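Please keep the sequence and the model in view while reading.

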Amino acid sequence: YVMLHDTQDASSEKRSRAKKRLELLEQVYESFFLKFALDGVVLTPPKEHLMVMLFAEEQTYLRYATSLDPELRSASGFWSPQDNIGVFYDQGTTEEMKLLLQISEELKLAKRRARGTANSREVAQVANSLDLLLRIAREESDIEVVSHEAVHQLAGNTGIMPRSTVSLRWAHEGLASYFECPAAAGWAGVGAVNETRLIGYKKIFRTPQLAPLELLVTDLLFDAARSDGAVLDAYGYAWALTHFLMERRFQDLIQYYLKCSELQGDEAGRINRSELVHVFTESFGDIRKLEQEFHLY
């Protein structure tokens, strides 16, 4: 990776925020190639460095992101296929995190003032515990965002997924979510059960009019989502199907990705939904039978 950033770090930090982010990106990079190699698919690495931008402040990031696309206002990071650049910000600069960091600094001050008093131990324990929890939360937020968005960039740069086909959001997001390490899980391992995504899967599974796989593999679940909650549920359904196919039909899934890369869209990049269903059934067989196996899994 090569990274452009405007972060400035406290002299007390052993490693800069930029260096930590680069190390995390490299870890995701390595995990991505190893996962496919261990399952028998050796991917060709990109010939050039992958480019990323890291903003020091969330607000600066948001001004940049929304200037590209207003819908990115709710994104914690993104990959731009057109520019082939991953864009992130320091997760410790959200308004919520800033407030908690301020409280933490006040507790540290109270700890210093309480030295030698009867309640010095209790004050120190509270201050130290909050400081530790905030450090963990910041690191886990970084891991969650980077492990998801970096996979989009890697998939698009290794040929495993089409870079510009907008009709395959389920496949892009499903693969990225499969590699995603959710907050509070740390490095749980590639393919670990993502409890957050599992909730979204269950909500759609329990809604019969949304559960047919045709709605997912043609992106209708994403296109029809009218709330952030509905979008998150679609992410969960995409994660669940990808998890099943990665674990039970891996070679077929790879062939499906490659077939999708060959599809030709119209001027807006759209692909006929019936053609998307045809490619899916051509890769995996009878969709009703697969659906049963998927939900049983």
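Is Tyr201 buried or exposed? With a relative accessibility of 9%, Tyr201 counts as buried, where buried means under 20% relative accessible area, exposed means over 50% and partly exposed lies in between, for a 1.4 Å probe and protein chains only.

## Basis of the model

This is a predicted model, in which local features need pLDDT of at least 70 and side-chain atom pairs count only at pLDDT 80 or more, while totals for chains, interfaces and linings use all residues. Residues are numbered from 1 along each chain as its sequence is written, and side-chain values use heavy atoms, with hydrogens and water left out.

## The chain as a whole

The chain holds twelve helices and four strands, these being DSSP runs numbered from the N terminus (H or I over at least four residues for helices, E over at least two for strands). Of its 297 residues, 46% count as buried. The accessible surface of the chain comes to about 15900 Å², and carbon and sulfur atoms account for 52% of it; such areas come from the Shrake-Rupley method with a 1.4 Å probe, and for residues only the protein chains shown count as cover.

Among contacts (heavy atoms within 4.5 Å) between residues at least 6 apart in sequence, 72% join residues at least 24 apart.

## Aromatic pairs

Rings of Phe, Tyr and Trp (its six-membered ring) are paired if their centres lie within 6.5 Å, and planes under 30 degrees apart count as stacked, over 60 as edge-to-face and the rest as tilted. By this rule the count comes to 25 aromatic pairs. In one of them, the rings of Tyr201 and Phe294 have centres 5.6 Å apart and planes at 65 degrees, so the pair is edge-to-face. This pair links distant parts of the chain, given that Tyr201 lies in helix α6 (residues 195–205) and Phe294 in helix α12, 93 residues apart. Phe294 is buried, with a relative accessible area of 3%, and Tyr201 is likewise buried, at 9%.

Elsewhere, one aromatic cluster is formed by Tyr1, Tyr29, Phe32, Phe33, Phe36, Tyr178, Phe179 and Phe250.

Two packed helices are described by the angle between their axes and the distance between the axes. Here the axes are lines fitted to C-alpha atoms, for helices over the stretch in contact, and angles run from 0 to 180 degrees between N-to-C directions; angles under 35 degrees count as roughly parallel, over 145 as roughly antiparallel, 65 to 115 as roughly perpendicular and the rest as oblique. The axes of α9 (residues 228–248) and α12 (residues 287–296) come within 10 Å and cross at roughly 95 degrees, which makes α9 roughly perpendicular to α12. On the α9 side, Tyr237, Ala240, Leu241, Phe244 and Leu245 meet Leu290, Glu293, Phe294 and His295 of α12. The residues of this contact divide into seven nonpolar, one polar and one charged, where Ala, Val, Leu, Ile, Met, Phe, Trp, Tyr, Cys and Pro count as nonpolar, Asp, Glu, Lys and Arg as charged, and the others, Gly among them, as polar.

Helix α9 also packs with helix α10 (residues 250–261), at an angle of about 120 degrees and with the axes 5 Å apart, which makes α9 oblique to α10. Thr242, Leu245, Met246 and Arg248 of α9 meet Phe250, Leu253 and Tyr257 of α10, and the residues of this contact divide into five nonpolar, one polar and one charged.

## Two positions in helix α4

Ala155 lies in helix α4 (residues 120–158) and, at 1% relative accessibility, counts as buried. Leaving aside neighbours within four places in sequence, Ala155 is in contact with Phe32, Ile160, Met161 and Leu175. From Phe32 it is separated by 123 residues in sequence and by 8.9 Å in space, C-alpha to C-alpha.

Val123 is also found in helix α4 and is buried, with a relative accessible area of 18%. With neighbours within four places in sequence set aside, Val123 is in contact with Ala110, Lys111 and Ala114.

Most residues other than glycine have a negative phi. Asn84, although not a glycine, has a positive phi of about 60 degrees; Asn84 lies in the loop between β3 (78–80) and β4 (85–89) and counts as buried at 15% relative accessibility. Asp219, again not a glycine, has a positive phi of about 70 degrees and lies in the loop between α7 (213–217) and α8 (220–223), where Asp219 is buried with a relative accessible area of 2%.
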